[in-house]
Amino acid sequence: MNGLRHLIKSNFSYWILLFLFGLIALVISNICYQVISKLDIHSFLFHFNDLLISISITFFNNIIATILAVIIAFLITNYLYNKKFFKSSFLIILISFPHISYCIGITYLFATSGFFARLFAFFYGNNIPFISERGDASSSLIYIIGLALREVPFLVLIGLSVLKKINAMQIQKQVLVLGHSSLSALLCCIFPIWLKSMGLPILIIVTFCFSNYEFSSILGPQFPHMINVKIIESWYSTNFDLIQQMNSLIIITTLSSILALIALYTLMQILIGYLKNQKFLGSNNYNLFLLGKIFYFIVIAIFTIIIFITSLLSIGESWFFPTIIPSSFSLRGFNYMVDNYLWLFFSSIFISSIISILCILFIVILIETSKETKNIYKFLFIISLMILVMPQNIMLISIANLMEQLTFFSVSLWFYFSLFIYIVPYTYFMLRQSYDDLNPQYIHSSNILGITRFKSFFLIKLPMMFNDFLLIFGVSFSVCFYQFLQGIIVTKGEHGLFNNEVYILFSGESIQTASAGSMMNFLPAALIFIIISLRYRYVRV
Amino acid sequence: MNVFLINIFINVSLYSKEINFHAWGGSVVINNFISQAGQNLKKNDIDLRHTKITDIAETVKILLSDKKNNNFKNGKIDLIWVNGENFQRLKKNQLLFGPVDQVNNYMYINRKDASLHFDFGEPVEGFEVPWGRAQFVMIYDSQMIDKPPQTISQLVHFIKNNPGRFTYPQIPNFHGTTFLKQLLYEMVEDNSILQKPFSSCLSPCKPIENLMLFLKDIHPFLWNKGKRFPNSISETIPMLSNREIWLTINFNPNAAATNVKNGNLRDVTRTTSFINGAIGNTHYLAIPFNSSKKTVSLEVINYFISPQSQADKANIEIWGDPTVLDLNKMSAEQQNMFLGKQSIHVLPSNKFPYLLEPHHSWTEAIENEWLKTFN
């Protein structure tokens, strides 16, 4: 008995991780079982054939969007790293912008009665908007550009820390000493190393592309819809044919996402192999800096205009085409939101804060109580990968199925669990980076002085890592605060976050109220990131 | 505090008179109306909680799962706003409590009115109580359109002469499907076929075939050349106000008036419909089979169909949803509550004949054919 107690005590972290691993494995195996037990090859082939165009469009759009996001992110990263590193702190505020508000903002910018059309009308003098002729090709284009630009701030922030970690400046100097051009240094040495280190963020983006609902339903093509939308359509539908499609759609989405990852990985290897054998004669990479600068300003401009337009929409009264600025203003939208949703707003902040803090504490305790930190990292890495590789919509469908089988636990508990697991990967990856960056000499010295691990954490690590903890909290908070599908799939509307209510309001008639909700939605995460960026001159993720 | 913590982990009911009302939460005016009703019900010690859902199909899923798990007594949903295929699904799966038409204020409802007692062709049989009426209407910008279309040929004429200025919500959106049903009514010679199950239409079903041919003909002249559709009728409101489109459809004869009042539409907005008749339907309130507070839910239903609540609901300053009550069954004082302000934006009452919803099986048939043809 004592032996068992000792075993449990000494392997506390492993037991906890094994439990979490078991839960995630249960969720994944549940959906696998559900799908396989209901699998009918004939109906699957029939649906596959039926959905072929939808699958192709989804696959193509998501791969192109990811590639575009990576290229733009590299150009901006390169510009910021070499020229204006401090400007990266501005980007961190942008990652806190809610997806739904961003998509609505993009739609509003490019509509024939939208902001750009109004600017044009101001000079051209037309009082009636031009006829809208947006087809599927232009919808796909808007989807690709919109999604790519949305993911750029996230990739740049991680990309900057990668460049810093690999010491890109040093690599460049060494290549120049060997007589090669700076362009060769950038494209043949730095870019391949950078790209290899960006595997994980790219994986996150790919799985997001295949599971997001906001981008594909608001910006994506309609004929046919992308498979991300079709899953939710089937989820809602009372139409027997659409319900029947669900099983096939789960298999198709999982396979498409895995196939996309393989395709991107292969493409990456081919590109790296090709670049390694190339020499670029250009004496400087001025043009790449310029491109990076242009893209940086495009990203900033688009986000700024969207925030500006959303704030105008939230206070503008009867703001009709072709007026550029509303003639009268009121706080009616905000008043409505405050009267009806203030409690939900604060409870969403509270829930997101508690879950983020618990997640940070959970991982810190695991790391701090274990003697073999490397094994803990490996375990957490596997768990994070399991969560990230499976598209979110499918994971949540599985949780919803489990919830129906294990009815003893409340809907709230499943809801919090589904929120928690989605912040584990982000918290883990950032915490690990932070621990890796810590100078081990301090801990070593404290060990020699006989300071306990507990004391050394509070007296040495915590003060040194405080800014990192703040940043990790900010990212975890915003990831949790902007979760959306949980409120639809897991709780089926019974519980949700403020984000869900904003989405529902956008389906209503009052754009003013929905925009006011959108601004409120943006506020908490933005405030946290503004505080963080004020504390930092250099942002490190 | 302890009860709160327990509630997070396991299913325990907290308040005995809290009614969890599942209703679509997208409309500010509707949310305000329900919120006000909640304030009024507090006098009866009832706490009405509006769970703002995106689609009532979510609720149907919860109830189906409850039944599968033998949860016959402790359901968390106490009241739902429902109609059409969702009601048909709930009724078919025996997920509703009934009869609920025994509440006192049901005396103001005309029991002989078929439009209130058949929900998309499905007999209501006491499983739901009428809450509001709707009729298919077209809302237009009178500055852009002098003479609005009132027949299918006039509509085609308008669409072809004003390319890009009309659209309808994408199928399977409820309102989009209703528009197609309205077109079916305009196209068939004998309306009675639409009241029979779809299976009675010999394959290939001529009316559906003709409808698809008609749509193929007009789609190139729609907004975005028929290659993109709005997701809901609410999405068409800002489009109409900005004159991206000049004509849209709706299912509330007072929608234009309410939206003009709230500043969502221009003052020149007017309402019309099909002169030969416009589809009308009713939306209902129902109690799930496993609600643990059925008596309190009945009290809430009784409140919602009271003359005062219905008058508030019909008021274009509040919601503008036409009443289900029979004015002839009321006292003069009660009738006066319904004589609200007249508005030039609303559909003139009794001018457009009321057509019954086609049998519910037509909905799925139309949706499937549309998706097959255009998706």
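**Helix 4 and helix 14 of chain A**

In chain A, the axes of helix 4 (residues 52–82) and helix 14 (residues 240–276) approach within 11 Å and cross at roughly 40°, where axes are lines fitted to C-alpha atoms, for helices over the stretch in contact, and angles run from 0 to 180 degrees between N-to-C directions. Helix 4 of chain A and helix 14 of chain A are therefore oblique to each other, given that angles under 35 degrees count as roughly parallel, over 145 as roughly antiparallel, 65 to 115 as roughly perpendicular and the rest as oblique. The crossing of helix 4 of chain A with helix 14 of chain A is right-handed; a crossing is left-handed if the near helix is turned anticlockwise from the far one by less than a right angle, and right-handed if clockwise.

On helix 4 of chain A the contact is made by Ile55(A), Thr58(A), Phe59(A), Asn62(A), Ile63(A) and Thr66(A), and on helix 14 of chain A by Ile252(A), Ser256(A), Ala260(A), Ala263(A) and Leu264(A), two residues being in contact if their C-beta atoms, placed from the backbone, lie within 7 Å. The residues of this contact between helix 4 of chain A and helix 14 of chain A divide into seven nonpolar, four polar and no charged; here Ala, Val, Leu, Ile, Met, Phe, Trp, Tyr, Cys and Pro count as nonpolar, Asp, Glu, Lys and Arg as charged, and the others, Gly among them, as polar.

**Basis of the model**

This is a predicted model, in which local features need pLDDT of at least 70 and side-chain atom pairs count only at pLDDT 80 or more, while totals for chains, interfaces and linings use all residues. Residues are numbered from 1 along each chain as its sequence is written, and chains are lettered from A and ligands numbered from 1 in the order in which they are written.

**Helix 6 and helix 8 of chain A**

A second pair in chain A consists of helix 6 (residues 99–110) and helix 8 (residues 136–165), whose axes come within 11 Å and cross at roughly 135°. That angle makes helix 6 of chain A oblique to helix 8 of chain A, and helix 6 of chain A passes helix 8 of chain A in a right-handed crossing. Helix 6 of chain A contributes His99(A), Tyr102(A), Cys103(A), Ile106(A) and Phe110(A) to the contact, and helix 8 of chain A contributes Ile142(A), Gly146(A) and Arg150(A). By class, the contact of helix 6 of chain A with helix 8 of chain A has five nonpolar, two polar and one charged residues.

**The two chains**

Chain A has 24 helices and two strands, the helices (H or I, at least four residues) and strands (E, at least two) being DSSP runs numbered from the N terminus. A compact globule of 541 residues would have a radius of gyration near 24 Å, and the 25 Å of chain A agrees with this; the radius of gyration is taken over C-alpha atoms, and the globule rule is 2.2 Å times the number of residues to the power 0.38. Taken along the principal axes, the C-alpha atoms of chain A fill a box of roughly 80 × 65 × 50 Å. Buried residues make up 47% of the 541 residues in chain A, a residue being buried if 20 or more other C-beta atoms lie within 10 Å of its own, exposed if 12 or fewer, and partly exposed in between, with C-beta atoms placed from the backbone. Among contacts in chain A between residues at least 6 apart in sequence, 81% join residues at least 24 apart.

Chain B contains 14 helices and 12 strands. Its radius of gyration is 21 Å, close to the 21 Å that the globule rule gives for 375 residues, so chain B is as compact as a globular protein of that length. The C-alpha trace of chain B spans about 65 × 50 × 40 Å along its principal axes, and 50% of the 375 residues of chain B count as buried.

**The contact between the chains**

The contact takes 57 residues from chain B and 46 residues from chain A. Several elements of chain B each supply at least two residues of the side that touches chain A, including helix 1 (2–9), strand 2 (47–53) and helix 14 (361–374). Helix 3 of chain B gives the most to that side, with seven residues. By class, the side of chain B that touches chain A has 15 nonpolar, 26 polar and 16 charged residues.

**Two loop residues of chain A**

Thr112(A) lies in the loop between helix 6 and helix 7 (115–124) of chain A, and with 22 C-beta neighbours inside 10 Å it counts as buried. Not counting residues up to four places away in sequence, Thr112(A) touches Ala117(A), Pro129(A), Phe130(A), Ser132(A) and Glu244(B).

Phe223(A) is placed in the loop between helix 12 (214–218) and helix 13 (227–236) of chain A, and is partly exposed, with 17 other C-beta atoms within 10 Å. With the same exclusion of residues up to four places away in sequence, Phe223(A) touches Asp136(A), Lys227(B), Phe374(B) and Asn375(B). Phe223(A) and Ile53(A) are 170 residues apart in sequence and 9.0 Å apart in space, C-alpha to C-alpha.
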